Amino acid sequence: SCKNIHQFSLITPTQSSSKPATLLCINMKFNLSLVAVCLAKSAAAFSSQALPPGVVNLSSSAQRDVFTMADWAASFGVQQAEGLQLTSYDGQDYFAATQQDIPAGTCVMYVPSDVVLSSSQAAQEFGGALGDAENQLSMAGLQEKIPLFRLFMKILVEYGKGEASPWYTWLNSLPRIYNTGASMTYACFDCLPPYAAWLALTERQNFVNFQKASKYAPMNEEIVSNVTILKWAYNVALTRSIDWYGERYIAPMGDMFNHGTEPEAEISYDENGNCMVYATTDVYAGSPLRVSYGDPTNPTPLFASYGFLDETSPATFCKVMHMKDEMEELGYTFADLLFYKDTGDISPQVYDVALYYVLKKSDPSLADGFYQTMMSGDEAAKSQYHEQYWQYTKEEMQKHVDGTLRDLDKWSTKANGYDLNTHPRVPLILAHNDFVKETFLNVKNNLDYM
């Protein structure tokens, strides 16, 4: 019942008839002795000693202690607009909501930099201790993932300190179970469309590379040899952080905002590393406050990276993985090639790629002419190509849609045969496949009557 949810309004926003409410952002500091621990030299940042008592219990049955974390955050200077509260319907997923009207432009939360975890601060703290590990990532082609890796290592170090970590209370409030691609198995990938399987498998491979690289850091052996701990830390770093101009940041309490296709808030950081969350629209009492985790028109990347299905997403990638080369040659991305769920509409770029694919198979010279037309931006000539070869494009699209629908039934039948005790992500996989199937059925209906 939501009526008994603990409310933790910590400050009163100043009100003005001409300006939206804003927060008085007072930068409160961590206990200086704890800061000293956090900013120790790299030799002291890692430990080979046994894990201390009181580390976070990562058992799947362990309860999240979210409201103790809220009190902890308040004591260290995290502030939020009056009426903002954390809400949960199931005791597992918590999200920010407001019990009072909030005008657009209001600073609804402030997290001081002392509480924020960042990749740059982690690099400063660890000094050169991560050099060999980061070289391993670079050799694996994952240099752009180094900021995320630094946060991953920071979380591992703080986990290893147990209750002595300044962030213990926050760590103890986090989920233990994740449905991200990194947490999936090959049995999961076998039940997904190729695009979703590819994205999810990429996350799993990234985790495996992080796992291997961590062995090159002077980390506690009990931690780097424990896949459960490593995978949990990877999922925390991946799902709780945001990219801000090439750096990665996690703002405890600021990480409690769920994703929304039409978000009510946005997160930003100032030059000092302080986190601010602002309302981007008028938000009425009883409404959630959500931010955007990524492209709202395609739920599959969010599915792979964050482990949830955004069923409000209006579209999905059209799954033409076999036309990936043609897509890239024409300068398009997965985000351009969309099937729309409710209407069955097809984005124009899909037709371009499908025609180019058909022409490359049947007549390379025609394909080259179409390519030159696309590159020149001659819309009239492009329309002529589409009109002349429409029947071939349509047949190729129908073949793809019908084949995908057959495969979706096959993949979902296979998933339904799994034991939920050993494959707990089956419901999410089935929901994803149902979303894609509904979309493709609507597209099929349109194509069949064209």
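This note goes through a predicted model point by point, from overall confidence to single residues.

1. **Ground rules.** Residues are numbered from 1 along each chain as its sequence is written. The model is predicted, and local features need pLDDT of at least 70, side-chain atom pairs count only at pLDDT 80 or more, totals for chains, interfaces and linings use all residues, and side-chain values use heavy atoms, with hydrogens and water left out.

2. **Confidence.** Mean pLDDT (the predictor's confidence in each residue, from 0 to 100) is 89 for the protein. A pLDDT of 70 or more is reached by 89% of the residues. Residues 1–43 are another matter: pLDDT stays under 50 there. For that stretch the model has 97 contacts beyond four places in sequence. Contact means heavy atoms within 4.5 Å.

3. **Overall build.** The protein has 18 helices and 11 strands. These are DSSP runs, numbered from the N terminus: helices are H or I with at least four residues, strands are E with at least two. Take the contacts between residues at least 6 apart in sequence: 74% of them join residues at least 24 apart.

4. **Burial and surface.** Of the 450 residues, 52% are buried. Buried means under 20% relative accessible area, exposed over 50%, and partly exposed in between (1.4 Å probe, protein chains only). The accessible surface comes to about 20,100 Å², and carbon and sulfur atoms hold 50% of it. Areas come from the Shrake-Rupley method with a 1.4 Å probe; for residues, only the protein chains shown count as cover.

5. **A helix pair.** Helix H5 (residues 131–139) packs with helix H9 (residues 194–214). The angle is about 145° and the axes are 8 Å apart. Axes are lines fitted to C-alpha atoms, for helices over the stretch in contact, and angles run from 0 to 180 degrees between N-to-C directions. H5 contributes Ala 133, Gln 136 and Leu 137 to the contact, and H9 contributes Asn 209, Phe 210 and Ala 213. By class, these residues are four nonpolar, two polar and no charged. Here Ala, Val, Leu, Ile, Met, Phe, Trp, Tyr, Cys and Pro count as nonpolar, Asp, Glu, Lys and Arg as charged, and the others, Gly among them, as polar.

6. **Leu 151.** This residue sits in helix H6 (residues 146–160). Leu 151 counts as buried because its relative accessibility is 0%. Leu 117 lies 34 residues away along the chain, yet the two C-alpha atoms are separated by 7.3 Å. Beyond four places in sequence, the contacts of Leu 151 include Leu 117, Ser 118, Ala 237, Arg 248 and Ile 250.

7. **Met 374.** Look in helix H15 (residues 364–376) for Met 374. With 14% relative accessibility, Met 374 counts as buried. Leaving out residues up to four places away in sequence, Met 374 touches Leu 330, Tyr 332, Asp 352 and Lys 382. Tyr 356 is 18 residues from Met 374 in sequence and 9.9 Å from it, C-alpha to C-alpha.

8. **Two positive phi values.** Most residues other than glycine have a negative phi. Met 253 has a positive phi, near 80°. Met 253 lies in the loop between strand E7 (247–250) and strand E8 (265–269). Its relative accessible area is 1%, so Met 253 is buried. Lys 319 also has a positive phi, near 70°. The loop holding Lys 319 runs between strand E10 (315–317) and helix H13 (324–329). Lys 319 is buried, with a relative accessible area of 5%.
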